[in-house]
Amino acid sequence: MGDHNEMKRISAAFAASYERFIKGYQQYKADHSRQHSDGEVEHYDNSSRVEQAQR
């Protein structure tokens, strides 16, 4: 039964990290949609982000 316990441990770890990912993604979407209410800000924000990445 050692394999069964290993599987439970792995799935528990996966569930925990998946939950963190979902929370982070929801937070990101919330921040993103707040910017989206003003299209101009979103546009300039993106272009400045691209410039920074290229430097």
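Which residue forms a salt bridge with Glu6? Keep that in mind while we get our bearings.

**Before you start**

This is a predicted model, in which local features need pLDDT of at least 70 and side-chain atom pairs count only at pLDDT 80 or more, while totals for chains, interfaces and linings use all residues. Residues are numbered from 1 along each chain as its sequence is written, and side-chain values use heavy atoms, with hydrogens and water left out.

**Stop 1: the whole chain**

Show the chain as a cartoon and you will find two helices and zero strands. Helices here are DSSP runs of H or I with at least four residues, strands are E runs of at least two, and numbering goes from the N terminus. Of the 55 residues in the chain, 2% are buried (buried means under 20% relative accessible area, exposed over 50%, and partly exposed in between).

**Stop 2: Glu6 and Arg9**

Select Glu6 and Arg9 and show their side chains. Here is the partner we asked about: Glu6 forms a salt bridge with Arg9, and their closest N and O atoms are 2.7 Å apart. The rule asks for a side-chain nitrogen of Lys or Arg within 4 Å of a carboxyl oxygen of Asp or Glu, and it gives a count of one salt bridge. Both residues sit in helix 1, three residues apart, or about one turn of the helix. Glu6 is partly exposed at 35% relative accessible area, whereas Arg9 has 55% and counts as exposed.

**Stop 3: the aromatic cluster**

Next, select Phe14, Tyr18, Phe21, Tyr25 and Tyr28, which ring pairs link into a cluster. Rings of Phe, Tyr and Trp (its six-membered ring) pair if their centres lie within 6.5 Å; planes under 30 degrees apart are stacked, over 60 edge-to-face, and the rest tilted. The count comes to four aromatic pairs. Zoom in on Tyr18 and Phe21: their ring centres are 6.3 Å apart and their planes at 35°, so this pair is tilted.

Tyr18 is found in helix 1, which covers residues 2–36, and with 45% relative accessibility Tyr18 is partly exposed.

**Stop 4: the patch**

Keep that selection and bring the surface back. Phe14, Tyr18, Phe21, Tyr25 and Tyr28 make a nonpolar surface patch of about 600 Å². Patches take residues with over 30% relative accessible area and no salt bridge, joining like charges within 9 Å and nonpolar side chains (Val, Leu, Ile, Met, Phe, Trp, Tyr) within 5 Å.

Key:
Areas by Shrake-Rupley, 256 points an atom, 1.4 Å probe, with all protein chains shown as cover. Buried < 20%, exposed > 50% of the residue type's maximum accessible area, 1.4 Å probe, protein only.
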